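Colleague: I would like a close look at one residue in this model. Please place it in the fold before turning to its surroundings.

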Amino acid sequence: MTVPTGHAAPPAELFKDAFRAHPAGIAVITAQGPDGPVGLTASSVSSVSAEPPVLAFSVSTASSSAAALVRADTLVVHLLGADQLAIARLFAARGTDRFGGAVDWRPLPSGEPLLTDAPWALRCRILHRLPVGGSMILAAEVLSIEQGTQDEVAPLVYHNRSYHRLDDRSLLG
């Protein structure tokens with residue numbers, strides 16, 4: 001379906017449909033909020049620069065964790081593997097105790113919550129906050145990286161409202 005060009009924005013549903021067809025890796029982003037640890041699942045994390053290491057992601061301002069994440073000076077971006085599906089779902093659910101007994105975590109010496117089962121955890125300092133529509137885009141400098149104990153982990157991917165695993169069978173070339 002082609003949407004006519006001009007000054008009118010494309011319909012929101014059409015925009016959502018386009019991105020449902022575009023797979024994305026899954027991350028959980030955590031920070032220490034004023035009332036305790038906060039976190040959410042995100043599919044918008046992307047690398048921006050390798051030198052210096054910078055990443056970016058967006059947060060819906062409707063999320064219950066958004067205000068604390070946006071105000072935080074530092075946070076941790078956990079890149080999840082397919083075996084962390086339960087963690088992705090937990091941090092995506094509304095009204096749940098994300099840091100109760102269902103997930104293994106510990107505070108870093110700097111205070112941010114670290115999910116100990118994540119294959120990769122990137123501790124970041126927020127560089128820029130950019131409000132866009134109903135979201136906030138955050139750019140963050142990576143201060144340190146922790147690699148999990150597993151050698152190679154199949155990534156957890158979100159596509160068309162479902163979680164997927166990428167493995168050798170999905171390799172095209």
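Colleague: Where does His 78 lie, is His 78 buried or exposed, and which residues does it touch beyond four places away in sequence?

Modeller: The model is predicted, and I start with the whole protein. Its secondary structure consists of 3 helices and 12 strands. The globule rule gives 16 Å for 173 residues and the radius of gyration is 17 Å, so the protein is as compact as a globular protein of that length. Along the principal axes, the C-alpha atoms occupy a box of roughly 55 × 40 × 40 Å. Among contacts with a separation of 6 or more, 62% join residues 24 or more positions apart.

Of the 173 residues, 35% count as buried, and His 78 is counted as buried because its relative accessibility is 0%, where the limit is under 20%. His 78 belongs to strand 6, which covers residues 74-79.

Leaving out residues up to four places away in sequence, His 78 touches Ile 26, Ala 27, Val 28 and Thr 30, and also Pro 113, Leu 114, Leu 115, Ala 118, Trp 120 and Ala 121.

Conventions: Residues numbered from 1 in each chain as written. Predicted model: local features only at pLDDT ≥ 70, side-chain atom pairs only at ≥ 80, totals over all residues. Heavy atoms only, no water. Helix = DSSP H or I, 4+ residues; strand = E, 2+ residues; numbered from the N terminus. Rg over C-alpha atoms; globule rule 2.2 N^0.38 Å. Buried < 20%, exposed > 50% of the residue type's maximum accessible area, 1.4 Å probe, protein only. Contact = heavy atoms within 4.5 Å.
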